[in-house]
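Hi everyone, thanks for coming.

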Amino acid sequence: MDRLRDGPLALLLFLGHVITALEVPLDLPQPPTITHQSPKDFIIDPRENIVIHCEAKGKPHPSFSWTRNGTHLDIDKDPKVLMKPRSGTLVLDISGGQRAEEYEGVYQCSAHNELGTAVSNSIILRQSRSPLWSKERISPIIAQKGQSLILRCRPPAGLPPPIIFWMDNNFQRLPQSRRVSQALNGDLFFSNILPEDSRSDYICYARFPHTQTIQQKQPISVRVLDTVMSLMFPFSPTPAISWVKHNSEIPSGRASFLNFSKTLRITDVSEADAGEYRCIANNHHGSVHHTIRVTVNAAPYWISAPRNLVLAPGEMGIITCRAAGRPKPSIRWLMNGLPIENAPRDPSRSVEGDTLIFSEVQTGSSAVYQCNASNEYGYLLSNAFVNVLAEPPRVLTLPNTVYQVIMNKPALLECVTFGSPAPTITWFKDSMLEGNAYVFHENGTLEIHMSHPSNSGKYTCVARNSLSLSENHVYLQVKEPTRILRPPEYRVVQRNRDVVFECKAKHDPSLVPTMTWLKDDGELPDDERFRVDSDSLTITDVTESDAGRYTCIMNTTLDQDSASAQLTVVEALPTPAVIYEQPGAPTDLELTDLVARSVQLTWTPGEEHNSRIKKFLIQYEDALHQSGVWHNLTEVPGTKTTAHLKLSPYVHYSFRVLALNNVGFSRPSMPSRQYRTSPAAPDENPTEVKGHGTEHNNLVITWKPLTPQQANGPGLEYKVMWRQQGIETYWTSVSVANVSKFVVSGTPTFVPYEVMVQALNDYGPGPKPGAVIGYSGEDFPSAAPGDVRVLVLNSTLAEVRWSPVPLESVRGRLQGYKVQLSSHHIFSPNKTSGKLPDLLPYSIYSLRVTAFNGRGEGPTSATQRFETPEGVPSAPSFFKVSTFDLDSLMLEWGPPYERNGRLTGYTFKYQTGEETCPFTLGTLTALPANKRDAHSNDDLGFPQAYATSQNLSPSRLFKAEESTHVSCSSSSSSSAMVSPQVDIATQGWFIGLMSAIALLILILLIICFIKRNKGGKYPVKEKEDAHGDPEIQPMKEDDITFGEYR
């Protein structure tokens, strides 16, 4: 039965269509374009300042004006109204107590420059309102169990309408169900009320979103009576709700059932959704239905919005303005904000309903046109300008843009252009592109349906019009898709043990992968026991809560792949005795993702033998260049069983893997199958490139050659290039092989050259090398330093000065000046003087100066002679006491080794106690006048000297010193110590010895006397007669005094 009155329901349909407007570069003249504006229905918060947006662009930059309620708004008259600089945005300051409703009204912004005027929508400014609930006295409600009940909310009318919800005194939302639910108007509906619904705090709340305020209705008290009488109510038990549409189906994709199926919601409404909808309620007592008639009306929406039009002088074009709605909207045209019928007449323009037609336009025809489409439910307003200009084409897409796409996916290469007349676009890749494999879009975009590696490369788009052409280069890179090769596997693990989920994936080597793990489609627990590596998930000390479904997701910037596995946790079993050994050798080496410069290597780990594998060592053998020799390539953590290996061209690779734990390395795995990388052009050029000369007319270019692995292919050669810097424009080159130097002959002397060495092989040249600067060979300097002068400072030091050689005479890099004396003295190239130390006094020197470079010395300067003055002589070569007696000494000394001038005499000093007594031992014979060499010791004429000192006191200690004299200068001295330095006559042993000798002599004399008296001769006596005793020989007369040397 139909208990509810049928009624019509009107739904307003607001549809929109996005139009891509023509973008004119801002450096070109153009009429204004509105870029940002406030919404048509602008509801404001009365507690804040009012900001009405209006932004526009154009060249010249537009100026702005406003109207309010159709009348010009004079901003200067109201100090509370401000306009932002270079903008049309209005700021209405109501912080001083002004009422917001004073500024309510309809506002419209205009942006103008010399080419036209653009206008904004009509913006209806209204203040948000959140009125209080009207006061009312609500009587308690008494209801019978099982009957239906509606608690009325009747919220105050706010702007915008409030959001309704029901809560109790404790601000807890009241639970809702199929039996108890809230209607669209906010009323709380009970299909059948129960005793547990009795309560005194049913409160309806209204939240006003703009002011963020909440108003509450007076609490409603409900008491449910549970009588003994058996009553039957049609809504007990709670009926089930269903919906049907008369003569049609409810759209499944756009329909949803809300509020326990009591509300039917349809999105993206169209005219086809009009009709009769029936809501049916069923329980075991029967059914009841309600019919709703839906009429679809629509505010205007765009079918084809007006678009900016750029025309060259003499061209034609159209602007269309097509809108739909229900009822059908009317179209009205404006020009620069004024009705077009009131605009100045333009013979190149005509209006035909929703279309403006332009023909043979001229430069002055630029303007902004507005299309207004309206019906009783709303309006649309759109600006479109006509800009008449002549402009050669330009490509607006950034040059050298790189586009990346996954293989077998479509690729879109942009070529955004501008020009007037509109340019035509042509695409090239080695040659002009055409055919069904490509789609050429109207906006210049090139689409490739299915991308393949062969599509990678450089693309050129060329834009042409009648004025000129422009081109731009972009690059397409086709990447390999991301695929999980070894997904995680179902694992059963004992509690408190570790588990590892592997997720081996391949991806394009140039993309950076990111591995993400999920547990039960959520994030992993925030627990340090979960460790995520690049291709595995490790869970340590597993607990029962770790059981679940684990998903690995391999992401790149372009695509992703995922796989899942289940983890089951069981109780731990008794642990046997642990034996630690080296890990077993890895097995099952497999090569995947074989490309020119990389390969993916996967393997299966051997047994860990109770010691966790710490890392894997990957080695390779090059059977082409070094067969049988294994080289370390890389290491990976022990949790990984795959590695992405970067390779070099022209190598015959075999790989093997070793595992390492705390015990040591495993045996190597069996080698993988051989992978031969293809030859390629060299990736690098020789290093340590230098240029220098070994002769005055050559340039030797040297470099460090490439290794066989760096050669990248057979036929390695070096292209040697050179040119004289700043003189020659073109390079001279020669190709050589199996050498690391090349000699260029016939070069000018010491000039700079730019030098490059490029590697090449049978597959092409290496990268363009950088130039280094080298110099051709040097020649000997051609000029000698001039104006050489010598200044003698003292007997051992002189200073030499000279004028520098001319720069052009150096013929190389000047390294310094060399002063040739008895030894060479070298001075830096920026010096023009220098000191000459350690000269010999009283000597004659000859001096010459030369300039030298890397080749050698140039000519010498004129010889300069100078003489050093006399200096202090050195000490006598020796000085000693040769003999001594009780009252005399014999002194000996030798002449000094270095006289340093004419030797004039010696000074002798002796000291007794505290006194020093000098005296002179005569005067030396003068050196010959022509003898000037102080180093010739033979010229003195006497090898050594003697002196005797007599009448010395026997009881005094003597110390003697001797010095030599040269002219009047100070002297050097030497000393000789008289040894022993005590009075020997006072020593006891000496007195005893003399007494014994005297006694012996006395005895001998007595014996001799007796013998003589007997007439015989004593042999000793005869010997004594023949040879007198030297100890008692008297001193000669001339030995008594110290005289001159003879």
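Let's begin with Leu999, which is exposed at a relative accessible area of 52%; exposed means over 50%, buried under 20% and partly exposed in between, with a 1.4 Å probe and protein chains only. Before I go on, this is a predicted model, where local features need pLDDT of at least 70, side-chain atom pairs count only at pLDDT 80 or more, and totals for chains, interfaces and linings use all residues. Residues are numbered from 1 along each chain as its sequence is written, and side-chain values use heavy atoms, leaving out hydrogens and water.

Leu999 lies in helix α2, residues 988-1014; helices here are DSSP runs of H or I with at least four residues, strands are E runs of at least two, and both are numbered from the N terminus. The span 989-1010 is 100% helix and 0% strand, and its end C-alpha atoms lie 32 Å apart.

Now for the aromatic rings. How many aromatic pairs does a search of the whole structure find? The search gives 19, where rings of Phe, Tyr and Trp (its six-membered ring) pair if their centres lie within 6.5 Å, and planes under 30 degrees apart count as stacked, over 60 as edge-to-face and the rest as tilted. Take Tyr438 and Phe440, a tilted pair with 6.4 Å from centre to centre and 35° between the planes. Tyr438 is buried at 18% relative accessibility, whereas Phe440 is partly exposed at 40%. Elsewhere, ring pairs link Phe165, Phe171 and Tyr205 into a cluster.
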